[in-house]
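Start by looking over the sequence and the structure below.

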Amino acid sequence: MRNVRKSFGSTEILHGVDVGMADGEFVVLVGPSGCGKSTLLRMIAGLENITAGEIDIGGRVVNDVAPKDRDIAMVFQNYALYPHMTVRENMAFSLRLAKAPREVEEAEVQRAARILGLSELLHRYPRQLSGGQRQRVAMGRAIVRNPQVFLFDEPLSNLDAKLRVQMRAEIKELHQRLRTTTVYVTHDQIEAMTMADKIVVMHAGRVEQIGAPLDLYDRPANMFVAGFIGSPAMNFVRGTVRGDRFVSEGAVDWPLPPPAARGGAGEGRPAVYGIRPEHLFPATGGIPAEVQVVEPTGAEMQVLARVGGAPVLCAFRERIAARPGETIGIEPDPALAHLFDVETGRRLSA
């Protein structure tokens, strides 16, 4: 995608998106509702017109190519299965439209059914299937076309939490087997982190950062990416650089990250200190934090506290005895802390 723009009348929705995808790559477009990710996916599919820019699939600019001629297959959020057709008929429908020979149609349906574990369900109708099985049928309908690109539009959002985890693994395993270029849209950053080879973080119609999941987690380009990628979200505390410390509201001293991660932030510079909840640890004599809420999740203890008037969330692996109203000591790992510019929100680094 080269400088892709989309406008509805005088309102610009996408502001010049540039994204390259390697053959066989699994790319996730992630961002909050209204950021433009589904619009972008529909433009790749040919379901939305492109206001400006170019979309190139396999060396061919497809701006004016009809959706059926783009060699793509799309899996929708609501499955979009024909209720009066069996699983076999739903999966074979696109091949039948293309007037493929019956033996090719049957071979492709059987191949997709084996891959997705649907061989025993080919005679059933969608109403006789669970949500996860319906989603597999929708994926099977895409697989039989052998497209250049798979497009997924929030395919797991209608499933319960346990089934989402299961289907997430199945889609990733499917990609590893087929190695077909895949563009996947979601607002769930956990889905993005666990499935993607490359993540495109979008916000208000712009690309904020592109990179591998752990690159975005370890080196977010700005406060938006830092707050969006990672669960629970990163803590942000405003303050000023003083010597080798960062001083926030209430004269609270935080250890500065290493010099290479300070971006030349010198004495007296206002900044925002970022630290992830999982990078804060209980410590006797550490930074005093007044406990507000304690949430045990089993794997960890999430403690919402106030540090010098600022809310700070801690995710402790240890099971500490802390009650609301008590004061505990916390210690951040300075090697994992970040500094952000107050005005632009950009991460400061050398």
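The model is predicted.

**The whole protein**

The protein has 350 residues, of which 49% count as buried. Its C-alpha trace spans about 75 × 45 × 35 Å along the principal axes. The secondary structure comprises 8 helices and 20 strands. Take the contacts between residues at least 6 apart in sequence: 66% of them join residues at least 24 apart. Positive side chains number 41 and negative side chains 41. The centres of these two sets lie 5 Å apart.

Strands of a sheet pair through backbone hydrogen bonds, in either a parallel or an antiparallel way. Here, 3 strands form an open sheet with antiparallel pairing, in the order β2-β1-β4. Strands β2 and β4 are the edge strands, and each pairs on one side only. On average, neighbouring strands of this sheet are turned by 20° against each other, direction ignored.

| Strand | Residues |
|---|---|
| β1 | residues 2-8 |
| β2 | residues 11-17 |
| β4 | residues 52-54 |

Strand β1 pairs with β4 in the antiparallel sense over 2 bridges. R2 stands opposite E54 in β4. Helix α1, residues 37-45, lies across β1 and β2. The helix runs at about 110° to β1.

Key:
Residues are numbered from 1 along each chain as its sequence is written. This is a predicted model: local features need pLDDT of at least 70, side-chain atom pairs count only at pLDDT 80 or more; totals for chains, interfaces and linings use all residues. Side-chain values use heavy atoms; hydrogens and water are left out. Helices (H or I, at least four residues) and strands (E, at least two) are DSSP runs, numbered from the N terminus. Buried means under 20% relative accessible area, exposed over 50%, partly exposed in between (1.4 Å probe, protein chains only). Contact means heavy atoms within 4.5 Å. Lys and Arg count as positive and Asp and Glu as negative; His and the chain ends are not counted. The place of a charge is taken as NZ of Lys, CZ of Arg, CG of Asp or CD of Glu. Two strands pair if DSSP finds at least two bridges between them. Axes are lines fitted to C-alpha atoms, for helices over the stretch in contact, and angles run from 0 to 180 degrees between N-to-C directions.
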